[in-house]
Structure formats: structure tokens, C-alpha cells
Amino acid sequence: MLTAVILSALFLLAIVVLLSRKPRRQAEGIPEHKPDYKAILQKEVLFYRQLMEEEKNDFAQKVASFLEKTRIEGIGTEINDKDRVLVAASAIIPIFRFGNWRYKNITNVILYPDTFNHDFQYSEGERNIMGMVGNGFMNGQMILSKSALHHGFREPGGNENTAIHEFVHLLDAADGSVDGIPELLLNNISSLPWIKAMEKEISRIEKGKSDINPYALTNEAEFFAVVSEYFFEKPAKFKEKHPALYEMLDKMFNPENNSIPHSHIKY
Ligand SMILES: [Zn+2]
């Protein structure tokens, strides 16, 4: 009897030792080395390549800072520096012109190999979700399909970028409600013209007269996320096809280039 107790104690000890041997940093999804963020950004991210040298330093700094505070994990898939940098770039692109503004509602980003379903299963059954941001028990978490993440940065890509889409939902959520009316971005601008422009485009999409992904019809929050993806992915095309919407999104995402005093942006 005593032998059995000792043996099982030893067995448990062995398990504990084996488990703790795995490098902690790696287990926590933090790379053990400091990757060359600028080299990866230069190779993979068009938005970054088009920045001025000084802005590139700023962008890379923000990517590094995001990755220090946010845990990126792969489930069912190995992830590498490129995956981490693409997630961080997707986070920074929408807020790049907002000074030191930071997301407050994100602690973890989980990458699944491919699309997943509502039960977070990625290997069988219905799989159509490319990304989601959590609320309730999922608060602070984002799930992304790794293949959709990569697809968003592939060139020449379409109008879509799943990861940017999800981070735009977080921006929208910063005022307490994910409703397609980002008060943070509409600061000191009446939200009425934005709501009107949204309604107008929604009716064009409904009539099949718009090249905006009909997923935008789901609700105002999805509309805002879908047009924002397009705005960042294909700015020239978006400006040409949707000049009024472009002007509004430009005011929201590039406040310094426009007439809103920078000091009026809430951080
Ligand atoms: Zn969405």
C-alpha cells in the first residue's frame, strides 16, 4: 500500500517535472528572441512599405509594444514571428494615426488553422467563421483563422482583411457599444452624416449596385468593419468608387490630416 502511494507520488512528481521543463515563455506564446519586426513588416505589409522612414520606426515600435502586451497563441497550428507580426500590424493599421491610443479590450489573440464554427471547432462540421472578437466570457479575446490572416496581407488581395475587420470591431467597442457608430472616431463630428451615408450605401448594396461585400448588410457594426477593411486594403479604389464614404473614413482614421484638432481625440 505504502509502495503504491510512493510510486504514485513519484509518478505525479515526474509529470510535474516534465511539464515544467517546457520553456515557460514558449508555453505562454511569447517568442524567446526579439524578432526583426521591421524586416518582416517590410516584406509582408504593404501599408508599412508605403510609410515614410520616421513613420516606419513609429509603426514598428507600436507593433513591438502591442506584442509585449498581447498574447498570441496557436491552437491546432504552429505560429511563428510572421503570424505574430501580421496580427500586430492588423491591430496597429486602424489606430496608427491616433497617437498613443491603445486597445484596452484585448489580451489574447488565438489563431486557428482555418475557419471555425460557432462551437470553436475548426476540424469538422460547419466552418465559416474567419474571425471573432469576444464578449461576455470571451472578453479580451480574439480568434482568427490563420489562413484568413495571411490571405488579408497577400498581394494583390481583394477588399478584405479579416484581422483588420476584427480590430475595427474593438475600436467600435471602445465607446461601450459595438454599433457601427464609433464615437471615439466621430469625436466632435456629428454622427448623423455617418448614419445617413451608411443608410444610403446599405440601400445600394441591397439593390446590387455596390461592390461592398453584402456581409455589410448584417448590421451597422458589420457595415463599419467591412467598409474599413476595404478602406485600408484598397484605398485608391475605395476613394474612386465611394468618395463620400472615403472622405468620412479618412476623417475618422486620419484625424491629423483633417481639420479636427489633434488634442480633441480622446485617448
Ligand atoms: Zn464582423
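Modeller: Helix H8 is largely enclosed by the rest of the structure, because 11 of its 12 residues are buried, where buried means that 20 or more other C-beta atoms, placed from the backbone, lie within 10 Å of the residue's own. This is a predicted model, in which local features need pLDDT of at least 70, side-chain atom pairs count only at pLDDT 80 or more, and totals for chains, interfaces and linings use all residues. Residues are numbered from 1 along each chain as its sequence is written. Helices (H or I, at least four residues) and strands (E, at least two) are DSSP runs, numbered from the N terminus.

H8 covers residues 162–173, and at 1.5 Å a residue it should span 16 Å, which agrees with the 17 Å between its end C-alpha atoms; the expected span is 1.5 Å times one less than the number of residues. Among its buried residues are Thr162, Ile164, Phe167, Val168 and Leu171. What covers the buried residues includes helix H6 (81–95), S3, strand S4 (141–145), helix H7 (146–153) and helix H10 (220–233), with contact taken as C-beta atoms, placed from the backbone, within 7 Å.

H8 lies across S3 and S4, running at about 15° to S3, where axes are lines fitted to C-alpha atoms, for helices over the stretch in contact, and angles run from 0 to 180 degrees between N-to-C directions. Those two strands belong to an open sheet of four strands with the order S1-S2-S4-S3 and mixed pairing, two strands being paired if DSSP finds at least two bridges between them. S1 (71–74) and S3 stand at the edges, each with a single partner strand, so one side of each is left without a neighbour in the sheet.

Terms used: Two residues are in contact if their C-beta atoms, placed from the backbone, lie within 7 Å.
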